[in-house]
Structures are given as structure tokens and as C-alpha cells.
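Thanks for coming. I will go through one protein chain today, starting with the whole and ending with a few single residues.

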Amino acid sequence: MLLEQERRDVCLAARTLAALPGIAPGESATLSVRNGDLVVVTPHGVPLDQVQPADCPVMALDDRMLEGRRDPAAETTLHMAVHRRTADHGRESSAVVNAFTADTVAVSSVLAELPPIHHRAAALGGAIAVTPYTLYGSGDIADQAVKALKGRDAALLADHGGVALGRGLEHALENLRLLDWLCAAYLRARRLGEPRVLSEDELAAVSHRDTYGWAGPDIW
């Protein structure tokens with residue numbers, strides 16, 4: 001079986017994602033991981049907590065399905081476009097996760113950009129772009145996602161939810177959870193008033209600070 005370990009990893013990550021609070025029921029997310037020129041993706045029509053390794057299609061970067069007993073998920077077009085982009089540009093990212101959570105859907109249906117109101121936004125690249133709305137599973141949403149992810153490890157897909165990249169599936173899931181948390185924090189802050197947004201200089205200082213552990217009271 002091609003990429004057996006990666007297929008097992010996808011199944012484990014899918015079960016982790018299924019337990020995320022606020023995620024839509026049913027087939028509410030797509031996960032994928034790349035190894036060289038091959039990509040494992042979750043299948044169409046299988047709930048996240050029921051995906052088996054043999055269900056998971058193995059795709060070539062040119063969109064050919066090489067193996068798997070189920071068809072690829074509808075958002076495979078988006079995932080393959082992102083994998084081609086990261087492979088072409090030599091980025092470390094090898095995993096992609098997109099999911100529909102209540103908070104990412106809420107923010108993506110209202111804002112044109114999620115502003116950075118907490119220093120953890122720096123870990124995703126700062127302000128998070130929201131793509132224009134377009135039909136899921138289409139080439140248009142794939143193109144929009146690739147643009148929105150330029151220089152970022154996460155993006156919001158208008159009226160769909162969120163997408164995140166990572167060095168592996170665990171990292172991509174961590175980034176998706178962070179995106180979901182940032183959306184929830186923004187929604188809560190808006191109920192209290194107008195949130196204060198961190199500046200580019202403040203975000204740059206956070207990124208610099210993130211490279212250190214404790215180094216005394218002043219690391220500058």
C-alpha cells in the first residue's frame with residue numbers, strides 16, 4: 001500500500017479533528033499530507049472519525065489518483081493546488097487542513113480580514129486574509145486559497161471556514177486550532193467593544209521574541 005504510514009497519520013489526525021469543539025458534523029473537513037511528489041488526502045463521503053487507511057486516496061501532484069478505495073474529498077482540488085505551490089517554492093509545509101468550525105465560519109462570513117488582536121497571530125503570519133466567496137471544491141476557491149496563504153500559514157475561506165498549513169499534520173492541526181481560537185477571541189472581543197489591533201512593528205517584535213526562551217528580563 002502506497003504511503004501506508006502517511007495514510008495512518010491522516011486517519012489519526014482526522015479523529016483528532018473530529019473531536020474539535022465547534023466543528024460541523026459529518027464530512028466537515030479535509031486533511032492531506034505530502035511526501036515528495038505524492039499526497040495522501042481524506043476520502044469523500046466518510047465521517048472524519050470513521051476514515052480507514054485504505055479509504056484514503058494517494059494522489060500525484062498532477063492530480064492523478066494512484067491508489068485508494070474511495071474517491072478523494074471534494075476539496076482535494078484546493079489541497080493539491082496548495083501542495084503544488086509549497087513544493088514549487090520550497091516551503092517546509094507538507095500538510096494542509098481545512099475545516100468548518102462555528103467560529104471560523106462566523107468570522108469568514110463577516111470580515112474581509114481577521115486582524116491580529118493577540119500576539120499569537122504572529123505564529124500564523126499576522127492578519128489573516130479572507131477569500132472572496134466561491135463554490136467549494138472548485139478551481140476558483142483553490143486559486144483564492146493559494147493567494148490568501150502567501151506568506152501565511154492560515155487563511156479564512158468566505159462562508160466556508162478555515163485552512164491551515166504545517167510542517168506535518170500535527171503542526172497543521174495546531175495552526176488550525178490557533179486560527180479557530182483567534183476567531184473566537186475576536187468574536188468575544190467585539191461583543192465588548194472595538195478590539196485593539198497589533199501593529200506590524202509589534203508583530204515583528206513578537207516574532208523576534210518567539211526565537212528565545214527565558215533570557216533574563218530584557219532580550220533586546
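Before the surface figure, one term: accessible areas here come from the Shrake-Rupley method with a 1.4 Å probe. By that method the protein chain exposes about 10700 Å², and carbon and sulfur atoms supply 51% of that area. Please keep in mind that this is a predicted model.

Now the overall build. The protein chain has six helices and nine strands. Its radius of gyration is 17 Å, close to the 17 Å that the globule rule gives for 220 residues, so the chain is as compact as a globular protein of that length. Along the principal axes, the C-alpha atoms fill a box of roughly 55 × 35 × 30 Å.

Inside, 47% of the 220 residues are buried. Of the contacts with a separation of 6 or more, 63% are between residues 24 or more positions apart. As for charge, there are 21 positive and 29 negative charges, and their mean positions are 2 Å apart.

Now a strand residue. Threonine 30 lies in strand S1, residues 29-35. Is threonine 30 buried or exposed? Its relative accessibility is 5%, so threonine 30 counts as buried, the cut-off being under 20%. Leaving aside neighbours within four places in sequence, threonine 30 has contacts that include Val41, Thr42, Ala73 and Glu75. His79, Val96, Val97 and Asn98 are also in contact with threonine 30.

Last, backbone angles. Most residues other than glycine have a negative phi. Leucine 3 is not a glycine, yet has a positive phi of about 45°. Leucine 3 sits in the segment before helix H1 (4-18), and is buried, with a relative accessible area of 16%.

Aspartate 159 is not a glycine either, and has a positive phi of about 60°. Where is aspartate 159? Aspartate 159 lies in the loop between S8 and strand S9 (161-166). At 43% relative accessibility, aspartate 159 counts as partly exposed.

That is all I have.

Terms used. Residues numbered from 1 in each chain as written. Predicted model: local features only at pLDDT ≥ 70, side-chain atom pairs only at ≥ 80, totals over all residues. Heavy atoms only, no water. Helix = DSSP H or I, 4+ residues; strand = E, 2+ residues; numbered from the N terminus. Rg over C-alpha atoms; globule rule 2.2 N^0.38 Å. Buried < 20%, exposed > 50% of the residue type's maximum accessible area, 1.4 Å probe, protein only. Contact = heavy atoms within 4.5 Å. Lys, Arg positive; Asp, Glu negative; His and termini not counted. Charge placed at Lys NZ, Arg CZ, Asp CG, Glu CD.
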